[in-house]
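Please keep the structure in view while reading.

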Amino acid sequence: YVKWDQENNERNSIADRFNANFPGITARVGGETGLDIFPTGCDKSQILRDFEDGHVVFFGDAMHKQGNDYPLAAANAGTNHAVQNWQHTWQLLKEIA
């Protein structure tokens, strides 16, 4: 399904239709096969409320506009790292440390 969805963009289409029909609730593509559905405004960016300066180091694999990491990446005053998988994340962590 992952390869098929990459070619056919089905989950983005489902999320777009969901968002058009259910105001106040947001759907975003999450992970390789999922959809994240949540009240609008209750996305990953809400973690920034816990940091006074809004600066975090964030690693995400879906920072594109329709991805579930986008809200945090867009709101983050810190550093964002687009990653492909956990191995890529581990490699970047070793380089940063």
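Q: What makes a pair of residues a salt bridge?
A: A salt bridge is a side-chain nitrogen of Lys or Arg within 4 Å of a carboxyl oxygen of Asp or Glu. The model discussed here is predicted: local features need pLDDT of at least 70, side-chain atom pairs count only at pLDDT 80 or more, and totals for chains, interfaces and linings use all residues. Residues are numbered from 1 along each chain as its sequence is written, and side-chain values use heavy atoms, with hydrogens and water left out.

Q: Why is the pair of Arg11 and Asp5 called a salt bridge?
A: The closest N and O atoms of Arg11 and Asp5 are 2.5 Å apart. The limit is 4 Å, so the pair, with its distance of 2.5 Å, qualifies as a salt bridge.

Q: How many salt bridges does a search of the whole structure find?
A: The search finds two. Besides the pair already described, Asp69 forms a salt bridge with Lys44, and there too the closest N and O atoms are 2.5 Å apart. This pair links distant parts of the chain, 25 residues apart: Asp69 is in the loop between β3 (57–60) and α3 (70–75), and Lys44 is in the loop between β2 (34–39) and β3. Helices (H or I, at least four residues) and strands (E, at least two) are DSSP runs, numbered from the N terminus.

Q: Why does Asp69 count as buried?
A: Buried means under 20% relative accessible area, exposed over 50%, and partly exposed in between, with a 1.4 Å probe and protein chains only. Asp69 has 2% relative accessibility, and therefore counts as buried.

Q: Is Lys44 buried, partly exposed or exposed?
A: Lys44 has 37% relative accessibility, so it counts as partly exposed.

Q: How do you know whether Thr89 is buried or exposed?
A: Thr89 has a relative accessible area of 18%, and because this is under 20%, Thr89 is buried. Thr89 is found in helix α4 (residues 86–96). Leaving aside neighbours within four places in sequence, Thr89 is in contact (heavy atoms within 4.5 Å) with Phe59 and Val83.

Q: What makes a set of residues a nonpolar core?
A: A nonpolar core is a set of buried Ala, Val, Leu, Ile, Met, Phe, Trp, Tyr and Cys residues joined through side-chain atoms within 4.5 Å. Here the largest such core has six residues: Leu48, Val56, Phe58, Met63, Leu72 and Ala73. In soluble globular proteins, nonpolar side chains tend to be buried together. Leaving aside neighbours within four places in sequence, Leu48 is in contact with residues including Val56 and Leu72.

Q: How many helices and strands are in the chain, and which pattern does the chain follow?
A: There are four helices and four strands. Read along the sequence, they follow the pattern α-α-β-β-β-α-β-α.

Q: What share of the chain counts as buried?
A: Of the 97 residues, 32% count as buried. The C-alpha atoms fill a box of roughly 45 × 30 × 15 Å, taken along the principal axes.
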